[in-house]
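Please look through the structure shown below before reading on. The report that follows takes up a loop residue, then the sheets, and then some side chains.

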Amino acid sequence: MSMNHTPRGQRPHIAVFGRCNAGKSSLINAICGHTAAIVSPVSGTTTDPVYQAMELLPAGPVVFIDTAGLDDHSVLGNERSRAALSILQKTDMALLVIDPDYGVDMLEQDLMDRLKAAVPHIMLVINKVDRIDGGPTETQQYCDSIVRELGASSELELHAVSSLTHSGIVKLKQAMAVRLAAQEEGRFRLVGDLLQPGELAVLVVPIDKAAPKGRLILPQQQVIRDILECDATAVMTKEHELAHTLASLGRRPSLVITDSQVFMKAAADTPLDVPLTSFSILFARAKGHLPQLVKGVRSVSALKEGDRVLVAEACTHHRQCDDIGTVKIPRWLRERCGKKLCIEHASGGELPPSLDSFSLIIHCGACMLNRQAMLHRLAVAAAAGVPIVNYGMFIAYVQGVFPRAIDMFPEARLAWDEPVFNPQ
C-alpha cells in the first residue's frame, strides 16, 4: 500500500450482496466508473470477496466489497456463501441487489434479516430496470412490490438502477455519500478532538528492528495526518531523545503520544502535568469501546494457573526474533502474573471459534480493521464472556503506567475506578 493511499481500515466498507447474476459486479463497475470486478453471464464468476477502493465524494475514500452469489448450493457454493456472509462483520453499509428476472423469495428475505441485525446502513438496489416493461410508473410499482415482499420499513432507502445504461447510478452514489458522511459526524477521530488549532503534540517513535526501512508504521502515519487536519503541530522524536526534545520546545505540549513498547521510558521523561497516552490506546478509543477494554485490563491480575490466553492480531506479517505478539507480550504476561499460562495465537480476518475456553484475549491495535469489524470482535468476546484488552492498554498496565495512560478519557477512568464485585 502506498503511503499516499488511505488505509483500508480507515475506509467505510460498502458490501454488495445478492443472488448469482443479479448484477453485483456490474453495479460496482458502474459505480466506480471502470472495470473493477470481472463480469460474466456464467453463474459463480465472483468467488472470494473482491475489494475495490475508490473516492466517493463528498464522503471521501471508501472500499466496495463484491461478494459471491448466495444461491449456489453446491459444496463449493456453500463455502463461497460462508465467505460472503463473513463480510457482514466489517460492513458499514450494505447494498442488497435485486434482479427483476427473479424477484424476491426466501433467500432475499433471509438476507434482509441478516443485514438488519448486523449492518448500520442498508440500501435496496433494484438492478436491471432497463428490463422492466413499461415506463416510470410501472418501475415504481415494481419497486413498491419488492419492498412489501421483503417486509421492509418505509425508512429503507430504495434505488432503481441499470448497470448497463447507468440509469440511477449517480443518484445512488450521492445517497451513499450522504449516508456515510452523516455516519462519520460525531465519531471519535484518532486524536483531532483532543487538540485545538495551534497546539502541540509530541510523538515518541522508536527506530528499532521492528521499524520498517524508510517509512513509519501505519498507526504513526494516521495519527500525524489527524493532527495536521486539526491544524495542530506534530513533533516526532525517539524515546532516548524525548527529555531533550521536551526541554527544547520552548512551550508545554498538549499531549505526548508514545509507542506502547517504550511506555515506561516515555512516562519517566514526560512531566506529570502533560497528558500521556499511546498510539494503540488512541486506536482502541476510535475503533472500539474503551470501558470494555479497561475491564479487560482488570482481568489480567485475576488469571489463574493453567488459564488459556489468546493473543490475536488482525493482520499477518513476517515475525522477527523479538516479535511483539509472540514473544514480548507472552513474556510480560508471565512476568506480571507469575503463573504458568497456556498462551495461544491467532492472526488474520477472523477470531477462532469457541472463545469461551479462554480466560483473556489480548488484541492488537486493529490499525488494519475498520471500526465495524473491531466492534464485532468486541461483541463476540462479550457474548462468550471473555475479557478483552488491546496491546497498548495491556502494555501500559504491565509497565505500571496504566491509570495515567487513560486519564484524559473520562469513560475509561470511570470503568477503571468502578468497584470490583467480590462475592466473598
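Predicted model: local features only at pLDDT ≥ 70, side-chain atom pairs only at ≥ 80, totals over all residues.

A residue is called buried if its relative accessible area is under 20%, exposed if that area is over 50%, and partly exposed in between.

**A glycine in a loop**

Glycine 168 is found in the loop that lies between strand 6 and helix 5 (169-184). If residues up to four places away in sequence are not counted, glycine 168 touches Ala160 and Val161. Valine 125 is 43 residues from glycine 168 in sequence, while the distance between the two in space is 9.9 Å, taken from C-alpha to C-alpha.

In what order do the six strands of the open sheet come? Their order is 2-3-1-4-5-6, and the pairing in this open sheet is mixed. Strand 2 (50-56) and strand 6 (157-160) are the edge strands, each of them pairing on one side only, and from one strand to the next the twist averages 25 degrees. Strand 1 (residues 13-17) pairs with strand 4 (residues 93-98) in the parallel sense, over four bridges, and alanine 15 has alanine 94 in strand 4 as its bridge partner. Helix 3 (residues 106-118) packs on this sheet, where it touches strand 1, strand 4 and strand 5 (121-126), and the direction of helix 3 makes about 170 degrees with that of strand 4.

Another open sheet has four strands in the order 8-7-9-10, and here the pairing is parallel. Its edge strands are strand 8 (233-237) and strand 10 (276-278), each pairing on one side only, and the twist averages 25 degrees from one strand to the next. Strand 9 (residues 255-258) and strand 10 pair in the parallel sense over three bridges, with threonine 258 standing opposite serine 278 in strand 10.

Helix 6 (residues 218-229) packs on the sheet and touches strand 7 (200-204), strand 8 and strand 9, while its direction makes about 175 degrees with that of strand 7. Helix 9 (residues 279-287) lies across strand 7, strand 9 and strand 10, and runs at about 75 degrees to strand 10.

**Rings and charges**

A search of the whole structure gives two aromatic pairs. One of them joins tyrosine 397 and tryptophan 416, which are edge-to-face, at 6.3 Å from centre to centre and with 70 degrees between the planes. This pair links distant parts of the chain, with tyrosine 397 in helix 13 (residues 391-398) and tryptophan 416 in helix 15 (residues 410-417), 19 residues apart. Tyr397 and Trp416 also belong, together with Phe402, to one aromatic cluster.

Is tyrosine 397 buried or exposed? Its relative accessibility is 11%, and because this is under 20%, tyrosine 397 counts as buried.

| Charged end | Ring | Distance from ring centre |
|---|---|---|
| Arginine 308 | Phenylalanine 358 | 4.2 Å |
| Arginine 336 | Tyrosine 397 | 4.3 Å |

Tyrosine 397 therefore takes part in an aromatic pair and also has the charged end of arginine 336 over its ring, while counting as buried.

**Cysteines**

The structure holds zero disulfides. Cysteine 20 is buried, with a relative accessible area of 7%, and cysteine 337, with 14%, is buried as well.

Notes. Residues numbered from 1 in each chain as written. Heavy atoms only, no water. Pairing = 2+ DSSP bridges. Helix = DSSP H or I, 4+ residues; strand = E, 2+ residues; numbered from the N terminus. Axes fitted to C-alpha atoms, helices over the stretch in contact; angles between N-to-C directions. Contact = heavy atoms within 4.5 Å. Disulfide = S-S within 2.5 Å. Buried < 20%, exposed > 50% of the residue type's maximum accessible area, 1.4 Å probe, protein only. Phe/Tyr/Trp six-rings, centres within 6.5 Å; stacked < 30°, edge-to-face > 60°. Lys NZ or Arg CZ within 6 Å of the ring centre and 35° of its normal.
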